Amino acid sequence: MLLLAMIMVLVLATGGLASAELLTHEPTPGVVTWTSTDAAGGIDTVARLADQAWGTDIRLWMDDLPPELTCRLVVHRRTGAAQTAGWWSTNYQSRLMIPGSTSIPLAQIDRLDVIRSDETVLATLTSTTR
């Protein structure tokens, strides 16, 4: 019984330290998260953008997707130029994580657009969207 109590105290103390570390951990430099909620059709979108020496690494999470969509991620530079950073199909999955990348540096990205094959914009993400 005493051994079980000691193990529980150790587990709780370790969990508390891990939680404190997560709460006090500073954001990673060169990494931002942009969100768009209730976009076209109620689709929720989160993008994690990480500055790299070659451009920007992008991880895009989309929720509440309708089936059988073909989409692309377009990255818009502040100067007006644009690059396609990825293509995918939803099949029958309502939640997806899409990896992408662009040669545009993070500091020069104005916005991200998720666009269906019929050119309908499903989501637009910027540093200020919510």
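Residues are numbered from 1 along each chain as its sequence is written, and side-chain values use heavy atoms, with hydrogens and water left out. Because the model is predicted, local features need pLDDT of at least 70 and side-chain atom pairs count only at pLDDT 80 or more, whereas totals for chains, interfaces and linings use all residues.

Trainee: In what order do the elements of the chain run from the N terminus on?

Mentor: Helices (H or I, at least four residues) and strands (E, at least two) are taken as DSSP runs, numbered from the N terminus. On that basis the chain has one helix and eight strands. Read from the N terminus on, the order is α-β-β-β-β-β-β-β-β.

Trainee: What percentage of the 130 residues of the chain count as buried?

Mentor: Buried means under 20% relative accessible area, exposed means over 50%, and partly exposed lies in between, with a 1.4 Å probe and protein chains only. Applied to the 130 residues of the chain, the buried share is 33%.

Trainee: Which residues make the nonpolar surface patch of about 250 Å²?

Mentor: Patches are made of residues with over 30% relative accessible area and no salt bridge, where like charges are joined within 9 Å and nonpolar side chains (Val, Leu, Ile, Met, Phe, Trp, Tyr) within 5 Å. Met97, found in strand β6 (residues 95-102), is partly exposed, with a relative accessible area of 40%. The patch of about 250 Å² is made by Val46, Trp61 and Met97.

Trainee: Which side chain does Arg72 join in a polar contact of 2.7 Å?

Mentor: Arg72 lies in strand β4 (residues 70-77) and is buried, because its relative accessible area is 15%. Leaving aside residues up to four places away in sequence, Arg72 touches several residues, among them Trp87, Asp113 and Glu119, a contact meaning heavy atoms within 4.5 Å. A polar contact is a pair of N or O atoms within 3.5 Å; within protein, one must be able to donate a hydrogen and the other to accept it, and residues adjacent in sequence count only if both atoms are side-chain atoms. At 2.7 Å, the side chain joined to that of Arg72 belongs to Glu119.

Trainee: Is Asp57, which meets Arg59 in a salt bridge, buried or exposed?

Mentor: A salt bridge is a side-chain nitrogen of Lys or Arg within 4 Å of a carboxyl oxygen of Asp or Glu, and Arg59 and Asp57 meet in one at 3.3 Å, N to O. Arg59 counts as partly exposed, because its relative accessibility is 26%. With a relative accessible area of 15%, Asp57 is buried.

Trainee: Which residues do salt bridges that share partners join into one network?

Mentor: The structure holds six salt bridges, including one between Arg116 and Asp118, whose closest N and O atoms are 2.4 Å apart. Salt bridges that share partners form one network, and the residues joined are Asp110, Arg111 and Asp113.

Trainee: Which residues does Thr126 touch, not counting residues up to four places away in sequence?

Mentor: Thr126 has its place in the segment after β8 (121-125) and is buried, because its relative accessible area is 16%. Two of the residues in question, Asp110 and Arg111, also meet each other in a salt bridge of 3.8 Å, N to O. The residues that Thr126 touches are Trp34, Asp110 and Arg111.

Conventions. Areas by Shrake-Rupley, 256 points an atom, 1.4 Å probe, with all protein chains shown as cover.
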